[in-house]
Amino acid sequence: MSQKFNRITIDSDATNQLKMLKANTGMTPNYLGRIGFCYSLNEPRPPNPQQYDTDGQTFNRYTLLGEHDTLYMALLKERLIQEGKDPEEDLYEEFVAHLNRGVERVAGNVSDLSDFYDLVPGEIKGLEAQQEG
Amino acid sequence: MRINKLIITDFGPYRGRNEIELSSTEDSPIVLFGGKNGAGKTTLFEAIGFCLHGKSSLGRRTARKDYEQAIRSKLHEYPDGKADTAAVRLEFEYSHMGEVDHYSVERSWRDRGKSIVEDLKVRRNGEIPSELNEDQWQDFLKELVPPGVSQLFFFDGEKIQELASAVESDADFEDSMYSLLGLDLIERLDTDLSIYISQKLEESGVEGIKDEIQELQNQRDEIEQEFEDLKQEREEKEQRLAELEDEIDNKESKIAQEGGSYADKREELKERRAELNASIEQLEDQIRDLAEGAYPFTLAPDLCESVVDRLKTETERQNRATARNELTDELDDVLGDEDVWEEMNMPEDQVGQLSDRIQDKLKSRLEIEDEDPELAHQFSEAQRQEIYSLTDRALNDVPDQLADLTESLEDKTRELQEVESGLNKAPDQEVISPLIDDLNELTEEKGAIKSRLEELEEEISTAQTRLERKENEVENKLEQKSRVEDVSERADLASDVRNAVKDFREELAKKKLRKLESKLSERYITLSNKGDFYDKIEINEENLDITIKTIHGNSKPHTELSAGERQIFATSLLWALAEISDRPLPFIVDTPLGRLDNDHRDNLITHFFPEAAHQVIIFSTDTEIDDHQYQKLEGYISQAYRLEYDEEEGKTVPSEGYFWTEDDEDQRSLGEITS
């Protein structure tokens with residue numbers, strides 16, 4: 001099932017945002033995409049797949065997710081399971097939606113590399129702060 | 001002056017102390033000494049001169065050594081040796097401004113072998129003259145009895161002979177005349193002046209000195225100009241230095257305004273920026289590494305944990321299902337084994353029942369939710385383990401690491417911003433470098449000026465020294481010039497004086513000659529045995545030719561006088577000169593009548609001795625003044641002594657009375673009288 005798609009095409013805005021992010025962070029869109037994807041997964045509200053077009057950049061799946069492909073997929077499926085969606089049927093659609101939304105969010109919050117830490121959810125930073133404290 | 005006493009001690013033939021009374025009276029001015037040759041007449045005569053004049057009595061230019069020799073030869077010889085001391089003392093009175101002072105003058109000598117020590121004691125009225133110190137006594141005596149004048153009064157036959165000879169030969173006579181008139185002093189003064197003048201004129205050379213002064217002044221002016229130039233240059237340089245310092249201050253403050261201090265830090269900042277950039281790049285690389293690694297999962301921690309939980313749960317369930325299936329399979333296998341049942345002898349249907357029952361029981365015990373796994377089946381065991389460790393890293397390690405890296409990055413970035421802002425504040429090289437170039441140029445010029453100023457100080461002090469030296473030279477030269485001018489002025493003065501002296505001498509000579517003429521005429525006619533025949537003596541002012549005028553108006557040159565006449569003439573001359581000298585000195589005459597004929601002797605004895613002066617001391621031999629003549633003199637004699645040399649004793653003992661006395665028995669030695 002996870003082998004259902006090999007190519008991913010994203011939103012045109014997201015594509016532009018990735019270009020901008022690349023300029024700001026020196027990171028290639030595939031890495032940025034992973035970050036955006038995970039960031040979106042952590043948002044409680046599900047994305048709206050209809051919100052995004054497919055006029056943007058197309059990624060090779062392996063290029064996009066790399067060696068940790070399985071875990072990314074596991075996270076998405078877990079979310080779909082939790083949302084009571086079919087992890088197989090909606091997988092691609094949900095994947096692209098999270099990717100697009102995540103890129104959008106990250107682009108809004110990251111202007112350089114030091115902003116990545118700000119993306120880390122407070123509960124983990126809080127843990128750290130407590131440990132430090 | 002009247003000599004009252006002569007005390008002679010161990011001098012010549014006089015042994016011990018011999019005190020001889022010499023006092024005379026107005027009416028009886030003569031003190032007569034009689035003695036044969038070698039008896040000590042001349043010694044007494046000389047003793048008076050030695051006592052009064054010391055070395056000078058031998059003549060103006062006598063050497064000390066000769067004088068000492070003369071004195072040493074006068075030390076009395078005792079039978080057992082020569083005396084080493086001698087003394088002559090004169091006591092006399094001298095009226096001055098109507099007051100009569102009594103003087104005593106004692107000169108004593110001590111032979112110290114190598115030299116003779118002389119001691120002079122002068123007393124006035126028994127006291128040391130308070131206005132004089134010892135050194136001045138000699139001068140005092142010269143004042144009292146001038147040696148030049150004394151030779152007119154103290155003379156011997158020899159002197160008369162000399163003078164007589166001089167009368168014969170013109171040239172010597174002229175000298176003698178001038179000398180006796182005291183004109184030789186003036187002559188000498190004239191000579192000295194002429195020497196002085198020629199010396200002074202030689203010394204001078206005013207023109208040459210003027211040139212030298214001009215030359216020196218030119219040199220001085222040059223040095224002065226140099227000196228002034230140097231000082232001016234120094235002033236200019238100092239002014240320029242002050243200006244430069246102001247300019248440098250201005251430049252520096254301008255550069256400071258432009259952020260000059262940052263300029264210094266600029267390189268430092270650049271270096272730091274490079275370091276920071278490198279650090280930042282490194283940090284960014286590290287952050288990127290994280291971001292490209294496990295970081296994305298950090299962003300979805302809950303989901304990660306859910307996945308992990310789900311995987312673990314499903315795996316657990318899967319494992320249990322597997323175990324149960326294996327167990328039931330084993331059980332089925334065991335229960336299906338006939339060997340198991342055969343040994344128990346159980347009926348076949350019961351076996352079936354029991355087997356089912358056991359299988360059911362086991363199944364119910366191993367009852368599990370037989371849900372289909374949703375995730376686990378998609379992952380291999382290895383993948384699951386990887387997920388566990390990956391999420392563990394993402395949730396535990398990454399935040400810490402990222403926090404550290406981000407913090408560092410932010411710090412570095414902030415610092416970089418500061419550095420950049422510092423660099424931005426640092427003035428633009430284009431603005432600052434012309435200023436700095438200017439400043440460098442100014443500083444360079446300042447250094448050059450400073451070193452030039454140091455040089456100038458040196459040069460100025462050298463020039464000053466040279467100037468001072470040159471000024472000294474000029475001053476010295478000017479002094480020399482004024483000295484020389486003074487010298488030539490003095491030479492001029494000396495010339496004037498010389499002229500004046502010449503005039504004076506001529507006038508004086510005239511006057512003295514006229515006076516001499518009249519006195520000499522008087523005296524000569526008195527003493528000459530041709531007194532009736534001669535009228536007067538004329539002396540030519542120019543050549544001092546002496547002409548004797550006869551009563552008949554004829555004239556006779558003095559050179560035509562006979563030897564005897566010349567002696568008389570000479571004696572007359574001395575007499576006349578002594579009178580002209582206006583000094584009230586006694587005549588002391590030693591053997592005066594040597595070559596005279598009886599007529600002339602009579603004239604001298606009759607006219608000269610009694611009339612010559614207020615006191616006349618005569619040393620005579622028995623042939624000069626004999627019994628006959630003595631009787632003519634007798635009325636004028638206050639004291640008469642006989643000097644007799646005792647050959648056995650080797651001494652002379654003066655005794656009262658002349659050679660011929662009425663009563664020889666009355667003759668007693670002075671020693672006997674005084675003792």
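1. Across the interface of chain A and chain B of this predicted model, the rule finds 1 salt bridge, that is, a side-chain nitrogen of Lys or Arg within 4 Å of a carboxyl oxygen of Asp or Glu. The side chains that meet in it are those of A:E78 and B:R310, at 2.2 Å from N to O.

2. On chain A, the elements that give two or more residues to the side touching chain B are α2 (29-41), α4 (69-83), α6 (116-119) and α7 (122-132); helices are DSSP runs of H or I with at least four residues, strands runs of E with at least two, numbered from the N terminus. The largest share, 10 residues, comes from α4(A).

3. In contact (heavy atoms within 4.5 Å) are 34 residues of chain A and 37 residues of chain B. The two chains bury about 3,200 Å² between them, 69% of it on carbon and sulfur atoms; this is accessible area (1.4 Å probe) lost on being put together, summed over both parts.

4. Chain B holds an open sheet of 3 strands in the order β10-β11-β12, with antiparallel pairing; two strands pair if DSSP finds at least two bridges between them. Its edge strands are β10 (534-539) and β12 (555-557) of chain B. Between β10(B) and β11 (residues 546-550) of chain B there are 5 bridges, and B:K536 has B:K549 as its bridge partner in β11(B).

5. On conventions, residues are numbered from 1 along each chain as its sequence is written, and chains are lettered from A in the order in which they are written. Local features need pLDDT of at least 70, side-chain atom pairs count only at pLDDT 80 or more, and totals for chains, interfaces and linings use all residues, while side-chain values use heavy atoms, with hydrogens and water left out.
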